[in-house]
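Dear colleague,

Please find below the structure that I am handing over to you. My notes on what was found in it follow directly after.

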Amino acid sequence: ALAAVLSAHASQQTLRVVRMTNELPKKTKELFTLIGRQNKLLIIISDQKKILGQVAANISGVQVKSVNQVTVTDTLSAGRIWIDEEALSTLQNRCS
């Protein structure tokens, strides 16, 4: 089911694979400056970048989930999905 929803996002061009640097923003304002105003954005990250979830917690319309914790419901409710390049292989394994 997760693969089907991700495939639907890909066909609608609402899914992007992004490269996140090792130097992640440490403050909400820094992250907001980088991503701008978003609505229903789901960012799927590798486990090593969990701090991003805390940084994004106060940004309305942005949800950050670890690749091992993201659910079908999360992806269904997202308007757009960004997948951290480092999380991609784990996500592919979960979908196969």
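Two residues are said to be in contact when heavy atoms of theirs lie within 4.5 Å. The model is a predicted one: local features need a pLDDT of at least 70 and side-chain atom pairs count only at pLDDT 80 or more, while totals for chains, interfaces and linings use all residues. Residues are numbered from 1 along each chain as its sequence is written, and side-chain values use heavy atoms, with hydrogens and water left out.

**Overall build**

The protein contains five helices and four strands (DSSP runs, H or I over at least four residues for helices and E over at least two for strands, numbered from the N terminus). Starting at the N terminus, their order is α-β-α-β-α-β-α-β-α. The C-alpha trace spans about 35 × 25 × 20 Å along its principal axes. Of the 96 residues, 39% count as buried; buried means under 20% relative accessible area, exposed over 50%, and partly exposed in between, with a 1.4 Å probe and protein chains only.

**The sheet**

The four strands make an open sheet, ordered β1-β4-β2-β3, with parallel pairing (two strands pair if DSSP finds at least two bridges between them). At the edges are β1 and β3, each of which pairs on one side only.

Strand β2 (residues 41-45) is joined to β3 by five bridges, and the two run parallel. From β2 the chain passes through helix α3 (residues 51-56) to β3 in a right-handed β-α-β crossover. Right-handed here means that, with the strands pointing away from the viewer, the path from the first strand over the helix to the second runs clockwise. Across this pairing, Leu 41 stands opposite Val 62, and Ile 45 stands opposite Ser 66.

**The two faces of β3**

In a regular strand the side chains alternate between the two faces of the sheet. In β3 (residues 62-66), Val 62, Val 64 and Ser 66 form the covered face, whereas Gln 63 and Lys 65 form the uncovered one.

Is Ser 66 buried or exposed? Ser 66 is buried, because its relative accessible area is 5%. Apart from neighbours within four places in sequence, Ser 66 is in contact with Ile 45, Asp 47 and Lys 50.

**A residue in a loop**

Lys 27 belongs to the loop between β1 (15-18) and α2 (28-35). Lys 27 counts as exposed because its relative accessibility is 55%. Lys 27 and Ala 56 are 29 residues apart in sequence, and their C-alpha atoms are 8.3 Å apart in space.

Yours sincerely
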